[in-house]
Amino acid sequence: MQLSDFLDFDAITTRLSAGNKRSLLQHLSNLAAQRLGVDAAQILASVSEREQLGSTGFGHGVAIPHAKIEGLPTIYGIFVRLAEPVDYKAIDSRPVDLIFLLLSPPDAGAEHLKALAAISRATRDAATLERLRGARSRDAVAAVLIGADERDAA
């Protein structure tokens, strides 16, 4: 699975001001709800419940909050870059500034894991992270993510 299979490139947000983890998760939930026509409170509750199991801050300034959402027809992802990093209780204790929200239907077990793996492949490359942080527009971020897809497919 590739990022382009589930990432909403039109929803890419750069320079978001979140202030803290809770505010960030609320913003992501609201954005996804608008794009999907799903209840934002349902998304926030599911993502928050997942966070209580353990932080989805995977290190190197990257977080991948994710959840299963009833009524969702397909896997859906959003990428956001923060204007200022926030404390996310990441495994390496570093604040996060690059966030991928991943939402899946409840029955998408294997596909959900494949989508998480696609994000992980893209974000384990230090050069990709540097390019994501340096990209100044939605189109530039999209180009970096598409480039990561192409590199991983090769």
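Analyst: Helices (H or I, at least four residues) and strands (E, at least two) are DSSP runs, numbered from the N terminus. This is a predicted model, where local features need pLDDT of at least 70 and side-chain atom pairs count only at pLDDT 80 or more, while totals for chains, interfaces and linings use all residues. Residues are numbered from 1 along each chain as its sequence is written, and side-chain values use heavy atoms, with hydrogens and water left out.

User: Which residue caps the N-terminal end of helix 1?

Analyst: That's asparagine 20, which has a side-chain oxygen 3.2 Å from the backbone nitrogen of arginine 22. After helix 1 comes glycine 37, with a positive phi near 70°.

User: What span should helix 1 have?

Analyst: The expected span is 1.5 Å times one less than the number of residues. Helix 1 has 16 residues (21–36), so it should span 22 Å, and its end C-alpha atoms agree, being 22 Å apart.

User: Is lysine 21 buried or exposed?

Analyst: Buried means under 20% relative accessible area, exposed over 50%, and partly exposed in between (1.4 Å probe, protein chains only). Lysine 21 has 18% relative accessibility, so it counts as buried. Glutamine 26, also placed in helix 1, is partly exposed at 31%.

User: What does the side chain of lysine 21 make a polar contact with?

Analyst: Its partner is the side chain of glutamate 51, at 2.8 Å. There's a ring to look at too: a charge sits over a ring if NZ of Lys or CZ of Arg is within 6 Å of the ring centre and within 35 degrees of the ring normal. Lysine 21 lies over the face of tyrosine 88, 4.3 Å from the ring centre.

User: Which residues touch the most other members of the largest nonpolar core?

Analyst: In general, nonpolar side chains tend to be buried together in soluble globular proteins. A nonpolar core is a set of buried Ala, Val, Leu, Ile, Met, Phe, Trp, Tyr and Cys residues joined through side-chain atoms within 4.5 Å. Here the largest has 29 residues, and Leu24, Ile43, Ile78, Leu82 and Leu103 touch the most other members. Helix 1 supplies the largest share of this core, six residues.

Conventions:
Polar contact = N/O pair within 3.5 Å; in protein donor to acceptor, adjacent residues only side chain to side chain.
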